[in-house]
Amino acid sequence: MLSNRLAVVLLTAVAPAVWGTTYAVTTELLPPHRPLLAAVIRCLPAGLLLIALTRTLPKGSWWWRALVLGALNIGAFQALLFIAAYRLPGGIAATVGAVQPLVTAGLSAALLGDRLTLRTVLSGIAGVAGVSLLVLRANARLDAIGVAAALGGAVVMAFGVVLSKRWASPAPLLATTGWQLTAGGLLLVPATLLSEGAPPTHYTVDNVLGYAYLCLIGAALTYAIWFRGLRALPPTSLSFLSLLSPVVATLVGWLALGQDLSPLQALGAVVVLGSLVVAQLRRPRPAPAAPTPSAPAPSAPAGPTQVRETA
């Protein structure tokens, strides 16, 4: 059982680790100033591809449930994420977003009846502290709208994770993933046209490669892995894995983009990974109580002869 759970955790961790490469791909390969277009191209084609492969459409209540989950997990989250990224330094956006495991733990306790433990709370606080050490800069400036967007992104993603656990889909995993990616992508289309206008008419080879990576690897594959992990893991344990994204983003910036990595950032990465590991530890189940031995049957009352002998 332990090895199975570890395998699920390690596989699920691939998704946020890959998402940590999004910043480098966006800045190095995609057209500038088109964040919502990147989100649409990332999600909508991936969702349509998965629906085409599975040939499965929602039934009954799953039409509106898929829309709600797609809005929370994909559409609203991506929009708020990019608003925060544009209005805040990356360090502040990542630090505010790191509260997501704590929000998920609270919602899991309220909506799913999960127990909110002191270990979870302390791990969540340590995760926020580790991310702040990893990415926060002393000259970072706050922006009220940006902070609200970053916090809103953490909240809607937490709601999406918890509701996805509460509404267990009867459909195959890839179909459910395709529904959410498609719904979220469609909701992003009008916001993209209003804020960024019509898409560019010319794309370079780098642009095509970047969009293909985000669509096929960064959405179709990783969201399927993420939702598979959600079916097997508690929402809070899953949510802590999202802290891997800023760790990977920092490592990619250091290894591939030539960015500096200070000892304080390295300490932050260690703290984040430590909080993530602690959050995955399961509370030991109490051993079953030993059966209570049955009381001996009462002896028969002593007869007259016995009474005389003990007198």
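Q: How much of the protein chain counts as buried?
A: In this predicted model, 45% of the 311 residues of the protein chain count as buried.

Q: And what does the secondary structure come to?
A: The protein chain has 14 helices and 0 strands. Reading from the N terminus, the elements run α-α-α-α-α-α-α-α-α-α-α-α-α-α.

Q: What share of the contacts links residues 24 or more positions apart?
A: Taking contacts with a separation of 6 or more, 91% of them are between residues 24 or more positions apart.

Q: Okay, what about confidence? What's the mean pLDDT?
A: The mean for the protein chain is 85, with 86% of the residues at 70 or more.

Q: Where is confidence lowest, and where is it highest?
A: The lowest is helix H14, residues 304-310, with a mean of 41, while H10 has the highest, at 95.

Q: Let's go to H10, then. How do H3 and H10 cross?
A: Helix H3 covers residues 35-54 and helix H10 covers residues 205-232; their axes come within 8 Å and cross at roughly 55°. H3 and H10 are therefore oblique to each other. The crossing of H3 past H10 is right-handed.

Q: Which residues make that contact?
A: On the H3 side you'll find Leu37, Ala38, Ile41, Arg42, Pro45, Ala46, Leu49 and Leu50, and H10 brings Tyr211, Leu214, Cys215, Leu216, Gly218, Ala219 and Ala220. Sorted by class, the contact of H3 with H10 has 13 nonpolar residues, 1 polar and 1 charged.

Q: Nice. How do H7 and H12 cross?
A: The axes of helix H7 (residues 118-135) and helix H12 (residues 244-255) come within 10 Å, crossing at roughly 20°. That angle makes H7 roughly parallel to H12. Here H7 passes H12 in a left-handed crossing.

Q: Who meets whom there?
A: Val131, Leu134 and Val135 of H7 meet Pro246, Val247 and Thr250 of H12. The classes in the contact of H7 with H12 are 5 nonpolar, 1 polar and no charged residues.

Q: New topic: what's up with the phi of His33?
A: Phi of His33 is near 65°, which is a positive value in a residue other than glycine. His33 sits in the loop between helix H2 (22-29) and H3.

Q: Is His33 buried or exposed?
A: His33 is exposed, because its relative accessible area is 63%.

Q: And what about Arg55, what is its phi and where is it?
A: Arg55 has a phi near 50°, a positive value in a residue other than glycine. You'll find Arg55 in the loop between H3 and helix H4 (62-87). With 77% relative accessibility, Arg55 counts as exposed.

Q: One more: where is Gln78, and is it buried or exposed?
A: Gln78 lies in helix H4. Gln78 is buried, since its relative accessible area is 1%.

Q: What does Gln78 touch?
A: Leaving out residues up to four places away in sequence, Gln78 touches Ala39, Arg42, Cys43, Leu188 and Tyr223. Arg42 also belongs to the H3 side of the contact with H10.

Q: And how are Gln78 and Gly153 placed?
A: Gln78 and Gly153 are 75 residues apart along the chain, and their C-alpha atoms are separated by 7.6 Å.

Key:
Residues are numbered from 1 along each chain as its sequence is written. This is a predicted model: local features need pLDDT of at least 70, side-chain atom pairs count only at pLDDT 80 or more; totals for chains, interfaces and linings use all residues. Side-chain values use heavy atoms; hydrogens and water are left out. Axes are lines fitted to C-alpha atoms, for helices over the stretch in contact, and angles run from 0 to 180 degrees between N-to-C directions. Helices (H or I, at least four residues) and strands (E, at least two) are DSSP runs, numbered from the N terminus. Angles under 35 degrees count as roughly parallel, over 145 as roughly antiparallel, 65 to 115 as roughly perpendicular and the rest as oblique. A crossing is left-handed if the near helix is turned anticlockwise from the far one by less than a right angle, and right-handed if clockwise. Contact means heavy atoms within 4.5 Å. Ala, Val, Leu, Ile, Met, Phe, Trp, Tyr, Cys and Pro count as nonpolar, Asp, Glu, Lys and Arg as charged, and the others, Gly among them, as polar. pLDDT is the predictor's confidence in each residue, from 0 to 100. Buried means under 20% relative accessible area, exposed over 50%, partly exposed in between (1.4 Å probe, protein chains only).
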